[in-house]
Protein chains: 2
Amino acid sequence: MARPRTPLLSRERIVAAALRLIDDEGLDALSTRRLATELSVSGPSLYNHFATKDDLLDAVVDSVIGEVDLSMFGTAAGAAGDAGAAGALGAAGVAGRTGSAWPQALRDWARSYRAALAAHPNIVPVLAQGPGRRPNALRLADAVFGHLVESGWPRGQATRIGALMRYFVTGSALASFAAGFPADAEVYDAADYPHLGEAHRLAGHRGTVDEGAFETGLEALLDGLALRYARLAERP
Amino acid sequence: MARPRTPLLSRERIVAAALRLIDDEGLDALSTRRLATELSVSGPSLYNHFATKDDLLDAVVDSVIGEVDLSMFGTAAGAAGDAGAAGALGAAGVAGRTGSAWPQALRDWARSYRAALAAHPNIVPVLAQGPGRRPNALRLADAVFGHLVESGWPRGQATRIGALMRYFVTGSALASFAAGFPADAEVYDAADYPHLGEAHRLAGHRGTVDEGAFETGLEALLDGLALRYARLAERP
DNA sequence: ACCTGAACACCGTTCAAGT
DNA sequence: ACCTGAACACCGTTCAAGT
């Protein structure tokens with residue numbers, strides 16, 4: 001058949017099929033040949049749309065990050081030509097932002113971030129490698145950092161908060177804590193693991209355990225950060 | 001040559017070589033054939049010592065977790081025959097434990113946990129899937145949970161704290177936050193990412209940025225948890 | 001028991017060939 | 001420009017054969 005009049009494939013169709021395959025059968029199940037079969041084309045066809053499998057994975061990852069809500073950080077300040085100079089110093093608090101709104105923004109963002117990632121846990125190891133050159137990942141980093149700085153956090157601290165939030169969110173989305181414990185009670189020999197007598201019941205409560213742990217950790221983190229934010233005002 | 005008088009391989013030698021390969025070249029570089037070459041044997045030889053590649057990976061992962069210090073949780077209480085019954089209710093605080101020692105234990109453990117994992121970041125995605133049936137991972141979960149319960153945390157909360165600590169530690173060890181940002185300044189177009197003008201310098205400060213973020217997050221978490229621990233006493 | 005080579009069904013990627 | 005089949009150097013794993 002060679003080249004059809006209307007293309008059989010598109011980057012979007014390939015990315016969607018790849019994500020479905022990764023979600024359903026894991027990262028290892030994504031092979032270019034298998035994916036091509038799923039799309040009813042031959043293996044090498046994919047190379048008309050992506051240079052390598054890694055390039056394809058990058059696109060899949062960025063499509064997932066694109067689902068994260070960033071609206072709580074406000075639309076980009078200064079969409080006009082002077083946007084580049086806005087990040088320096090004077091912007092802190094001037095735009096009528098109260099400053100103490102950052103915990104709620106961080107909370108909302110973290111929940112959306114986790115929801116987007118937890119919907120596709122098998123791809124989290126790839127995405128956790130950092131933004132690289134992926135636009136949605138860079139936009140996310142820009143929005144969080146910008147919001148924290150504009151809320152009065154020193155730049156160094158804002159960087160650390162962006163990092164530690166990513167640690168927590170990616171860690172929570174990477175795999176279910178509860179489901180990591182086999183449901184087979186015989187695993188937990190009381191002589192070896194005296195406190196895990198009930199651990200075999202964890203997997204059955206997977207959703208509530210993981211959700212509860214995430215919420216507890218998120219609130220604890222925000223409380224701890226609020227303590228440090230208050231100290232900023234004391235000794236400027 | 002067939003079977004040699006003294007075996008060429010052992011599980012220990014295979015695990016050590018596999019970990020070295022994963023550390024040096026990544027998880028994808030670990031193939032049974034490549035590993036066999038590294039060990040100067042033919043590919044199928046490995047199957048005399050491990051049933052599958054996944055079994056081998058399990059052993060590698062557990063050897064890494066075995067490096068985590070658990071001594072801050074104390075040696076197993078009740079090494080005698082009645083160990084199984086100790087996890088119930090009455091043990092809280094009775095053994096002379098002050099209760100408020102748990103934050104320091106958690107801090108020391110988290111640091112050791114992170115150090116062990118961050119030394120082998122490429123294997124963290126595998127290990128983050130949970131303990132499964134790996135003895136060192138189960139021992140770790142048992143020690144943390146047991147310590148928290150004996151410190152007075154309700155079992156449900158202790159589970160959540162074990163989970164959220166794993167989220168944070170695995171997330172921090174999975175990949176460097178700083179190194180995830182390309183060192184190429186041209187990536188950060190001011191029109192697209194107004195606040196990332198200095199992001200190209202992050203990778204150069206990789207160690208301090210990630211260490212600082214981990215320490216900030218750890219202390220914030222511990223502060224937030226201490227707040228909740230104090231509330232336990234107020235309304236029992 | 002522990003190693004080998006041969007074999008099977010897979011991979012990612014390149015390339016010449018087709019329209 | 002976009003798809004194909006053939007080909008290359010790889011995979012994980014099985015198995016019969018050797019000692």
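A: Let's start with a term: a salt bridge is a side-chain nitrogen of Lys or Arg within 4 Å of a carboxyl oxygen of Asp or Glu. B:D184 makes one with A:R133, and their closest N and O atoms are 3.0 Å apart. Across the interface of chain B and chain A, the rule finds four salt bridges.

Some ground rules. This is a predicted model, where local features need pLDDT of at least 70 and side-chain atom pairs count only at pLDDT 80 or more, while totals for chains, interfaces and linings use all residues. Residues are numbered from 1 along each chain as its sequence is written, chains are lettered from A and ligands numbered from 1 in the order in which they are written, and side-chain values use heavy atoms, with hydrogens and water left out.

Back to the interface. Contact means heavy atoms within 4.5 Å, and here 64 residues of chain B and 64 residues of chain A take part. Together the chains bury about 5400 Å², 68% of it on carbon and sulfur atoms. (Buried area is the accessible area, with a 1.4 Å probe, that two parts lose on being put together, summed over both.) On chain B, the residues losing the most area to chain A are B:Y167, B:F177 and B:H195, together 14% of what that side buries.

There are also 16 residue pairs in polar contact across the interface, both residues at pLDDT 80 or more. A polar contact is a pair of N or O atoms within 3.5 Å; within protein, one must be able to donate a hydrogen and the other to accept it, and residues adjacent in sequence count only if both atoms are side-chain atoms.

Which helices of chain B supply at least two residues each to the side that touches chain A? They include α6 (135–150), α7 (155–174) and α8 (206–234). Helices (H or I, at least four residues) are DSSP runs, numbered from the N terminus. The largest share of that side, 16 residues, comes from α8(B). By class, the side has 31 nonpolar, 18 polar and 15 charged residues. Ala, Val, Leu, Ile, Met, Phe, Trp, Tyr, Cys and Pro count as nonpolar, Asp, Glu, Lys and Arg as charged, and the others, Gly among them, as polar.

Now peek at chain A's own helices. Buried means under 20% relative accessible area (1.4 Å probe, protein chains only). In α6(A), 13 of its 16 residues are buried, and in α7(A), 16 of its 20 residues are.

Definitions and conventions:
Buried < 20%, exposed > 50% of the residue type's maximum accessible area, 1.4 Å probe, protein only.
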